[in-house]
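These are my notebook entries on the model shown below. I begin with the confidence and then turn to the fold.

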Amino acid sequence: MFRRQAHRLKIGARDRARPRFGRASSRVIGAATFGMPPLDALIVLTCVFVGGIYGGSQSAILINVPGSPAAAATALEGHMMCKTGRAGQAIGFATIASGIGTIFGALVLFAVAPMIAEFALKFSAWEYFLLAILGMAISAALCGRSMALGMIGAFLGVMIALLGMDSVWGYQRFTYGYTDLAAGFSFIPAMIGLFGLAEVLHALSIRAGQPLADKIGRVSTRVGDYWRYRMAILRANVIGVIIGALPGVGADIAAWVSYGSNKQLSKEKDQYGKGTPEGVVSAETANNAAVGGTYIPMLTLGIPGDAVTAVILGGMVLHGLRPGPMFFLESPQYFTIIPTIMVVSAVFLVIFGLLMARVTPRILGVPAWVLFPIVVLLAIVGSFAVNNRIFDVWVMFAFGILGWGMRALAIPTPPLVLGMILGPMADAEFRRALSASHGSLEPLFTRPLSVMLIVVLILTIMASTGVLRALIERFSRKAKPG
């Protein structure tokens, strides 16, 4: 009976989150742990989760191809640092920040898991819908020259994400009779094309034969650097854990919200977009802190925090563990062990990450005419390997041309990515909310959490358009005597 319930939970997680990087590998690892003792399997699954979230930052920084959706925000500042000869420094910041975020998330998981899970349980379909809209609005406001261009990218991403099978009623939308489109565009080939192939096309159009970067730069980072960004790290940790604790959201959204919040509150706003370490630290700290957050609803309520933890939940059930309210009574020793595993994995993450940081950036010294054909070949192989169908290869090429065109038109691609991630969630949750309220929008404006999210959304739009600053200056002039 419980196995059937866990299966339904996994299906529910798939409704809330589109297929993402890491899910396929998590399924493979989950199957590989079948013959292991429960503790060994739990160690492997947790370490793969932590390492996978961090590992996506390497390719995001070096070649602007996020290895996971959680690393898409890292690519904004990390790749700019790489272009200015600070690739080693960017990897160093990403590595240390990931370790800090993982340890913080583990400590919060151990200390306040039941309390945060209870808060997350208060989110209904209305709050999830508003959270998706807020995430796209923040991305649109922070990426690009204007919020209008960002919203164009976000709207395009939503339209792409809605193509295929409807997750609520099972109808096919915008497929025009093509069977390959019934499942929509696979996320991995789309991201490979949007970031990887588009970067190759852009680079070939502006350089021929030169290395990607003149120098690697130092890898080591000073303690004073992190003390300088201490408030950004603190905010990123808190944001990562809280958003990670919201079922169906995940580390990618945590990274974007952290990046956007720290940009708004930073004393170095003018450095964002030019390769500031604060942006790398904000994104990487939050996405790894979200790992501990995603375990909170899974262990206390039996609800996966994101798509990857849905796979991990299935693996735990496979080994006789029952996440949920009875987990603390039936398997209390595992609740203590899991945060310990995260802390140990964070330590090894930092050690191996810093050791590799002097090796992986060497790829930048390879001439473009040698590196780019290899990148394109790997992109084709990676796209085909996802579902073993040639259609995904054409999807990769199509999104590569789309990303190249958007770059030429100065339309930012991060809002498009977030639109593809959050679009299905916004669509499904809004329709569920309307069904529950019999078509009434009243709960949207009467629920306290909904009102709070609406206020934050309005403030975000006002801040990005300059209206908020103008109002503050106007009231400050009126407040002055005389």
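I first recorded that pLDDT is the predictor's confidence in each residue, from 0 to 100. Helices (H or I, at least four residues) and strands (E, at least two) are DSSP runs, numbered from the N terminus. I noted that this is a predicted model, in which local features need pLDDT of at least 70, side-chain atom pairs count only at pLDDT 80 or more, and totals for chains, interfaces and linings use all residues. Residues are numbered from 1 along each chain as its sequence is written, and side-chain values use heavy atoms, with hydrogens and water left out.

Confidence. I found the lowest confidence in helix α1 (residues 2-16), at a mean of 41, and the highest in helix α17 (residues 391-408), at 90. Over residues 1-30 the pLDDT is below 50. For the protein, I read a mean pLDDT of 77, with 81% of residues at 70 or more.

Fold. I listed 21 helices and 2 strands. Of the 482 residues, 53% count as buried (under 20% relative accessible area; exposed is over 50%, partly exposed in between; 1.4 Å probe, protein chains only).

Leu45. I located Leu45 in helix α3 (residues 38-63). Leu45 is buried because its relative accessible area is 7%. Leu45 and Thr309 are 264 residues apart in sequence, yet their C-alpha atoms are 9.4 Å apart in space.

Helix α15. I checked the length of helix α15 (residues 332-356): at 1.5 Å a residue, its 25 residues should span 36 Å, and its end C-alpha atoms are 37 Å apart, which agrees. The expected span is 1.5 Å times one less than the number of residues. Among the buried residues of α15 I noted Tyr334, Phe335, Ile338, Met342 and Leu349.

Technical notes. Contact = heavy atoms within 4.5 Å.
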